[in-house]
Amino acid sequence: MREVWIAEDLDPSPHIDDIEKMATRRRVRLVLVPRTKLDREARTDAPQGVLAHARALEEVDLDVLCRARRGVAPFLLVLDGVTDPHNVGALLRTAECAGVTGVVLPRHRAVHVTPTVAKVAAGAVEHLDIAVVPGVPNALRRLDELGVTSVGLDASAPTSLFDLAIDAGAPVALVLGAEGRGLAPLTRRRCSALGAIPQFGALSALNVAAAGAVACFELARRRAAHVRAARE
């Protein structure tokens, strides 16, 4: 982090005191700026009077994401053209909480890490390794070569996500499609397995952020159960 801006008209609060103390401990420069200047720089819908300038996030190679770390098999999240920054931010936050070890984003026709994404993710971008790939179908082919099972979430799949036979101790990637259209046809074909979330209400489907949360924690539950069983 290079410096922290604080709006001049911001009322004193314990939260601001904590931010100032943390910046001082880490020798990060504090700057008081006019509210209008901070709002322009923030480029979000609702800046809250504090803005941090940080170094750009470093992209990670896809092959690196597929390596086990400290004995933990990779658990990846692949987003196939998700374009709403609020959905991407929510998915990154969910992914981090569920123990996802890496995220794969397509370079084109998709949202990357923007100020809005970072804000909605609530700090998750600082803890997730992210690979940006030319195309998701080719990335899935590479995952298969590296022994990673890719599970595509597809509302039209005949098998429930909860009934899929997946090795909980093996590397796995959850693949989510874009808002509205879902998985692209070639992406769907490249997935190792397809699963649907059963629907019981009047609406046809969950939005991608909600569906991703359900799926992430279903896979996380299986992985945790596998670890417990291995220790017994």
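This is a predicted model: local features need pLDDT of at least 70, side-chain atom pairs count only at pLDDT 80 or more; totals for chains, interfaces and linings use all residues.
Q: Let us start with a sheet. What is the order of the strands in the open sheet of three strands?
A: The order is β2-β1-β3, and the pairing is mixed.

Q: Which strands stand at the edges?
A: An edge strand has a single partner strand, so one of its sides is left without a neighbour in the sheet. Here that applies to β2 (29–33) and β3 (50–53). Direction ignored, neighbouring strands of this sheet are turned by 25° against each other on average.

Q: How many bridges join β1 to β3?
A: Four, and the two strands run antiparallel. β1 covers residues 3–7. Take Ile-6 as a case: its bridge partner in β3 is Val-50.

Q: Which helix packs on the sheet?
A: Helix α2, residues 35–42. It touches β1, β2 and β3. The direction of α2 makes about 130° with that of β1.

Q: Now a helix. What should the 14 residues of α4 span?
A: Count 1.5 Å a residue, over one less than the number of residues. For α4 that gives 20 Å. The end C-alpha atoms of α4 are 20 Å apart, which agrees.

Q: What caps the N-terminal end of α4?
A: Asp-84 does. One of its side-chain oxygens lies 2.7 Å from the backbone nitrogen of His-86.

Q: What follows α4?
A: Gly-99, with a positive phi near 90°.

Q: Which residues of α4 are buried?
A: Read this from relative accessible area: buried means under 20%. In α4 the buried residues are Asn-87, Val-88, Gly-89, Leu-91, Leu-92, Thr-94, Ala-95 and Ala-98. The buried residues of α4 pack against β4, β5, α5, β8 and α8.

Q: How many residues has the largest nonpolar core?
A: It has 35. Those with the most contacts inside this core are Leu-77, Leu-79, Leu-92, Val-100, Val-103 and Leu-176. Several elements give two or more residues to this core, including β4 (75–80), α4 (85–98), β5 (102–106) and β8 (172–177).

Q: Which element gives the most to this core?
A: α8, with six residues.

Q: What does Val-100 touch, not counting residues up to four places away in sequence?
A: Phe-75, Leu-76, Leu-77, Ala-95, Leu-128 and Cys-216.

Q: Where is Ser-160 found?
A: In the loop between β7 and β8.

Q: Is Ser-160 buried or exposed?
A: Buried, because its relative accessibility is 15% and the cut-off for buried is under 20%.

Q: What does the side chain of Ser-160 reach?
A: The backbone nitrogen of Phe-162, at 3.1 Å. Leaving aside neighbours within four places in sequence, Ser-160 is in contact with Gly-195, Ala-196 and Pro-198.

Q: What separates the C-alpha atoms of Ala-193 and Arg-93?
A: Along the chain, 100 residues; between the C-alpha atoms, 25 Å.

Methods:
Residues are numbered from 1 along each chain as its sequence is written. Side-chain values use heavy atoms; hydrogens and water are left out. A nonpolar core is a set of buried Ala, Val, Leu, Ile, Met, Phe, Trp, Tyr and Cys residues joined through side-chain atoms within 4.5 Å. Buried means under 20% relative accessible area, exposed over 50%, partly exposed in between (1.4 Å probe, protein chains only). Contact means heavy atoms within 4.5 Å. Two strands pair if DSSP finds at least two bridges between them. Axes are lines fitted to C-alpha atoms, for helices over the stretch in contact, and angles run from 0 to 180 degrees between N-to-C directions. A polar contact is a pair of N or O atoms within 3.5 Å; within protein, one must be able to donate a hydrogen and the other to accept it, and residues adjacent in sequence count only if both atoms are side-chain atoms.
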